[in-house]
Structures are given as C-alpha cells and as structure tokens.
Amino acid sequence: KGCLFLVPTPIGNLNDMTYRAVQTLQDADLVAAEDTRNTKNLLNHFEITTDLISFHEHNTAQRIPELVEKMNQGMNIAQVSDAGTPSISDPGKELVKAAIKAEIAVVPLPGATASTTALIASGISPQPFYFFGFLPRKGKERTEALVNLANREETTIVYESPYRVKKTLDDLSEKFGADRQITLARELTKLHEAFLRGSLADVIEYYQDNEPKGEYVLIIAGKPEVQSDTMSDGQIIQAVDRLIEA
Ligand code: SAM
C-alpha cells in the first residue's frame with residue numbers, strides 16, 4: 001500500500017516551505033491539491049514535477065474513493081491545501097478518515113499554519129488555547145458559537161476574512177464585553193505583516209478610521225478566571241476562626 005502524506009505549504013512567505021515538504025512532494029506519485037493552478041505555481045517554483053489532481057470541498061465525495069483506491073494499489077499521495085496546513089479550516093479531514101479506515105498510513109508533516117503563528121506573537125497566553133477556525137456567518141449558529149466562546153477560559157483562535165472583521169469585532173464586543181483583550185494578526189509572513197493588540201474597544205476604535213485589508217487571525221483572551229486566591233465569605237470566616245484558635 002502507498003501512504004497519504006499531509007504536506008503544509010507557506011501561508012505567504014515561500015521560504016517557509018520546508019526541505020521535507022519539497023522532497024515529499026517531489027517523491028510522491030501524485031499531489032492532491034485544493035486548487036491545481038495555485039499548487040502548480042508552487043511546484044514550478046520549487047522545480048517539482050509531480051502530477052496533480054484536484055481535491056477540494058466540492059469533489060470530496062467523488063475523489064476520496066479514487067484516491068483511496070490509488071493508495072491501495074501502492075501510490076503515495078501528498079495532499080496540500082492552498083496555504084498552510086491541510087485539514088486546518090481546509091480540505092483534508094475526510095480523506096484522512098477514509099485512509100485510516102482503509103488502513104493506509106497517514107504521514108503528517110509539520111509546517112506553516114496561520115493559527116499558531118499568530119498565537120505565539122499575540123502576547124496573549126498561548127495555552128491552553130482553543131482553535132475555532134471560521135465563525136458561522138449568521139443566525140442562531142453564529143450567536144451560539146459566540147456565546148460558547150465568550151464563556152471559555154482558554155485563549156481562542158478565530159480565522160476571519162477582511163470583509164467580516166469589523167462585524168465580527170462588534171459581535172465579539174457585544175458577547176465578550178468591550179474590555180476583553182484581543183490581538184489581530186494580519187498578513188502573517190508577508191510584506192504587510194502587522195499586529196494590533198488591545199481591548200475589543202481599542203481595536204473597534206482603530207477600525208473606525210482604517211479599513212481591514214488582507215488575511216486575519218483573531219487571538220482572543222479567555223474569560224478572566226475568578227481569582228483562585230480570592231476567598232469566599234465562608235473561607236474568610238474559617239480563616240478568621242483559625243486565627244482566633246491559634
Ligand atoms: N490551512 C490554513 C492554515 O493552516 O492556517 C488555513 C486556511 S483558511 C481557508 C484561510 C484563513 O487562514 C484566512 O481567512 C485567515 O484567517 C487565515 N490565514 C491564512 N494565511 C494567513 C496569513 N498569512 N495571515 C493571517 N491569516 C492567515
């Protein structure tokens with residue numbers, strides 16, 4: 001049997017392609033790509049000549065049995081998305097499940113992803129963190145997701161398109177409170193990489209005069225914990241009792 005290699009690709013800066021990623025794509029029998037034209041450019045840049053096949057959210061059902069069959073026959077397939085790590089808010093997870101079910105080895109390569117790249121520069125506690133990905137766009141699903149996130153104590157990672165950043169910041173402020181800390185990481189690894197750090201109120205004010213441009217990751221601080229060293233009334237009374245006894 002062949003293997004399924006999961007190969008991250010750069011999220012902007014082409015120098016973030018790893019040696020192993022280049023080698024794996026070159027050695028594979030076939031590259032399953034979210035957008036074959038996009039990936040063809042990447043392969044050309046690194047002088048990789050492997051054949052491509054499209055694998056995206058609209059042909060998943062049809063492609064999975066084909067790809068599993070090819071791997072069963074001995075082909076090594078490398079799966080890539082347009083940018084970053086496959087399966088992370090990108091196609092891949094269904095193929096991984098199918099490969100596991102067919103007892104095909106799944107080989108993940110570490111590499112670029114916008115999520116942890118944004119997290120480590122955010123200045124907000126990097127763990128525990130909760131990766132959410134894209135928020136539902138509207139309706140009850142969106143409200144429920146926001147209410148759920150607002151109550152989490154972990155740092156939350158959200159992906160957002162520039163067209164919805166402002167609306168999302170308003171919604172976050174409503175559900176999380178305007179004081180909650182946030183970092184917006186924009187255009188990571190690219191020329192216009194920038195970080196905006198502050199409270200939701202601060203960043204909303206900033207975007208009153210500035211239009212969001214480029215790709216964004218939102219890193220939102222967790223719900224402030226109830227201070228564990230704060231005593232409840234009962235504990236204080238007990239502590240005072242102990243003092244009197246002593
Ligand atoms: N698989 C990718 C990963 O591992 O990060 C994510 C793909 S998802 C379709 C695209 C979203 O990732 C964008 O809308 C944005 O939120 C985030 N993203 C991707 N590249 C980025 C970058 N260079 N800077 C900031 N955010 C980025």
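Once neighbours within four places in sequence are set aside, Ala118 is in contact with Ile157, Ala185, Leu188, Val217 and Ile219, where contact requires that the C-beta atoms of two residues, placed from the backbone, lie within 7 Å. This is a predicted model, in which local features need pLDDT of at least 70 and side-chain atom pairs count only at pLDDT 80 or more, whereas totals for chains, interfaces and linings use all residues. Residues are numbered from 1 along each chain as its sequence is written.

Ala118 also belongs to the largest nonpolar core, which has 25 residues, and together with Ile182, Ala185, Val217, Leu218, Ile219 and Ile220 touches the most other members. Such a core is a set of buried Ala, Val, Leu, Ile, Met, Phe, Trp, Tyr and Cys residues joined through C-beta atoms within 7 Å, and a residue is buried if 20 or more other C-beta atoms lie within 10 Å of its own, exposed if 12 or fewer, and partly exposed in between, with C-beta atoms placed from the backbone. At least two residues of this core come from each of H5, E7, helix H7 (165-176), strand E8 (181-186), helix H8 (200-209) and E10, and E10 gives the largest share, five residues. Helices (H or I, at least four residues) and strands (E, at least two) are DSSP runs, numbered from the N terminus. Another core, of 22 residues, lies apart from this one and includes Leu6, Leu67, Ile77 and Ala99.

## The five-stranded sheet

Five strands form an open sheet in the order E6-E7-E10-E8-E9, with mixed pairing, two strands being paired if DSSP finds at least two bridges between them. Strand E6 (129-134) and strand E9 (194-199) stand at the edges with a single partner strand each, so one side of each has no neighbour in the sheet. From one strand to the next the twist averages 15 degrees.

E8 and E9 run antiparallel and are joined by six bridges, and Leu184 stands opposite Leu196 in E9. H5 packs on the sheet, where it touches E6, E7, E8, E9 and E10, and its direction makes about 50 degrees with that of E10; axes are lines fitted to C-alpha atoms, for helices over the stretch in contact, and angles run from 0 to 180 degrees between N-to-C directions.

## Around the ligand

Of the 23 residues around the ligand, those that come nearest are Gly84, Thr113, Ala114, Tyr159 and Leu188, a residue being counted if its C-beta atom, placed from the backbone, lies within 6 Å of the molecule. Helix H5 (114-121), strand E7 (155-160) and strand E10 (216-220) are the elements that give two or more residues to this shell.
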